[in-house]
Amino acid sequence: MTLDARTRSSIYEKLRPLLGDDDANALMSEFPTTDTDRPVTEQTLRAELAELRAELRAEMHDLGRTIVMWNTGSVLAGMGLAATIARLLG
């Protein structure tokens, strides 16, 4: 949960007499100041990992298809070369 500046200031002013400046600052630093500073939850982590896993699978599939295409082309070229050499020698 992010806190706006007014709320942060209000909480800090209430904590300062109880904890002192250093401890109040340390405690307030644990609260995110922006949405990007929010702590990672297990649910968020699982969702991000699932997205990365899907991207990785798609990339691996594309790479596998590329490898098969290149290998097939190489084998066919090699067979053509072998046939040409056989004709020239035979």
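Modeller: Leu45 is located in helix H3, where a helix is a DSSP run of H or I of at least four residues (a strand is a run of E of at least two), numbered from the N terminus. Leu45 counts as partly exposed because its relative accessibility is 44%; buried means under 20% relative accessible area, exposed over 50%, and partly exposed in between, with a 1.4 Å probe and protein chains only. Between the C-alpha atoms of Leu45 and Glu59, which are 14 residues apart along the chain, there are 21 Å.

This is a predicted model, in which local features need pLDDT of at least 70 and side-chain atom pairs count only at pLDDT 80 or more, while totals for chains, interfaces and linings use all residues. Residues are numbered from 1 along each chain as its sequence is written, and side-chain values use heavy atoms, with hydrogens and water left out.

After H1 comes Gly20, with a positive phi near 95 degrees.

Start with the buried side of H1. Arg8, Tyr12 and Leu15 are buried in this helix, and H2 is included in what covers the buried residues of H1. Arg8 belongs to H1, and it counts as buried because its relative accessible area is 18%. Apart from neighbours within four places in sequence, Arg8 is in contact (heavy atoms within 4.5 Å) with Leu3, Met28, Phe31, Pro32 and Thr33. Leu3, with such neighbours again left aside, contacts Arg8, Ile11, Met28, Phe31, Pro32 and Thr33.

Which five residues make up the largest nonpolar core? They are Leu3, Tyr12, Leu15, Ala24 and Met28. H1 and H2 are the elements that give two or more residues to this core. A nonpolar core here is a set of buried Ala, Val, Leu, Ile, Met, Phe, Trp, Tyr and Cys residues joined through side-chain atoms within 4.5 Å. In soluble globular proteins, nonpolar side chains tend to be buried together.

Now the charged residues. An α-helix has 3.6 residues a turn, so residues three or four places apart point the same way. The side chains of Glu13 and Arg16 form a salt bridge at 3.0 Å, N to O; the term stands for a side-chain nitrogen of Lys or Arg within 4 Å of a carboxyl oxygen of Asp or Glu. Arg16 also forms a salt bridge with Asp21, and here the closest N and O atoms are 3.8 Å apart. Arg16 is partly exposed at 35% relative accessibility, Glu13 is partly exposed at 38%, and Asp21 is partly exposed at 41%.

The structure holds four salt bridges. One of them lies in H3 (residues 42-89): the side chains of Asp62 and Arg65 meet at 2.6 Å, N to O. These two are three residues apart, which means that about one helical turn separates them. Asp62 is partly exposed at 39% relative accessibility, and Arg65 is partly exposed at 46%.

Last, the nonpolar surface. Leu18, Leu19, Leu27 and Phe31 form a nonpolar patch there, with about 370 Å² of accessible area together. Patches take residues with over 30% relative accessible area and no salt bridge, joining like charges within 9 Å and nonpolar side chains (Val, Leu, Ile, Met, Phe, Trp, Tyr) within 5 Å. The areas come from the Shrake-Rupley method with a 1.4 Å probe, and for residues only the protein chains shown count as cover. Phe31 sits in the loop between H2 (21-28) and H3, and is partly exposed with a relative accessible area of 32%. Ala26 lies in H2 and is partly exposed at 41%. From the C-alpha atom of Ala26 to that of Thr84, 58 residues apart along the chain, the separation is 79 Å.
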